[in-house]
Amino acid sequence: MANPSSSSNSNSSSATARLTPHQWIPISSGSTSGGSECPDRTFARALGVMEAGFYYDRIFNGTADIVWQYTVQVAGGHAQGAALFSEKNVSRTWTALKRYYPLLGSRMQLEDDNETVAFIVHERALFEHQPGEVTLGTASSQDEITSLVWRLIRDKPMEYNHIMARVLAFKREDMPGAYSVLFKAAHAVTDGISGAILARTFFDVLCAPPFTIPPLEERLAMARPSDALSPTMKMSPARQRWRRAIGKVTFLNRRNKLAVSQPPKNRASGIY
């Protein structure tokens, strides 16, 4: 994983003890400088239980990434396709998506206590791209795209493992006006449904003029772990234990009532 800057590292260490999966904490309040539109603030929160499981699968086995593949046909001829899938326009689109979905531009970091794993979001990283994060090229056939997909998920799953999400777009030489677009992202920040939303948003932004994106704090407030959305999280630990105990007793009672009685042992047939 990429190392944070020295200033962020010291701030992160001091914040480790109070990081929770339920709240984003500012660990660096760098301000905009030189007239740039890229603030340099940093936010962090601990991973939830499910997110942490995907984190360890990813760093040890490379088995917790998802790849989506789409083939799109551009109306309007070669000039329109070249404009839509130009390096400038694809980079603009990916930057907008990272600002709208900040976890795409985050990184996961094991904190100094060797127990807490945290999402770190550097605001500047949402405006910039790392090498390999946005890839453009050409493909001669669908077989070449399929081979690339297998390389991403089977042959070299750990390649670019420090990048949370990537987009790869290829002009199809065998299909005039067609482009193959691949997204690869860590399962800790995506799933099947959110992947479809990611693709739809990407293509919408690709074809649209720039739009206003809500402040980072508002977008981060939406990026909470699924286990933090459980209503029981608002209860005290004692009440949570009581609720689990009652739930288990209720489940066992229902299962016992629905259990099918054992068939007679003297039946000739072995099928029941």
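Let's start inside: Arg 58, Asp 65, Glu 159, Tyr 160, Asn 161, Ile 163, Arg 166 and Lys 184 line the largest cavity. A cavity here, on a 1 Å grid over the protein atoms alone, is a set of points where a 1.4 Å probe fits but cannot get out, and lining residues have an atom within 4 Å of a point. This is a predicted model, where local features need pLDDT of at least 70, side-chain atom pairs count only at pLDDT 80 or more, and totals for chains, interfaces and linings use all residues. Numbering runs from 1 along each chain as its sequence is written, and side-chain values use heavy atoms, with hydrogens and water left out.

The largest cavity holds about 40 Å³ of space, a volume being the space filled by probe spheres set on the grid points. Its lining splits into 2 nonpolar, 1 polar and 5 charged residues, where Asp, Glu, Lys and Arg count as charged, Ala, Val, Leu, Ile, Met, Phe, Trp, Tyr, Cys and Pro as nonpolar, and the others, Gly among them, as polar.

Now for the largest pocket, with about 700 Å³ of space. A pocket is an open set with protein on both sides within 12 Å along at least five of seven lines. Of its 25 lining residues, Leu 103, Val 189, Thr 190, Ser 194 and Arg 224 are the closest to the centre. The lining has 16 nonpolar, 4 polar and 5 charged residues. Helix H6 (192–206) gives the most, with 4 residues; helices are DSSP runs of H or I, at least four residues, numbered from the N terminus.

H6 also packs against helix H4 (residues 87–100), at an angle of about 130 degrees and with the axes 9 Å apart. Axes are lines fitted to C-alpha atoms over the stretch in contact, and angles run from 0 to 180 degrees between N-to-C directions.

Key. Helices (H or I, at least four residues) and strands (E, at least two) are DSSP runs, numbered from the N terminus.
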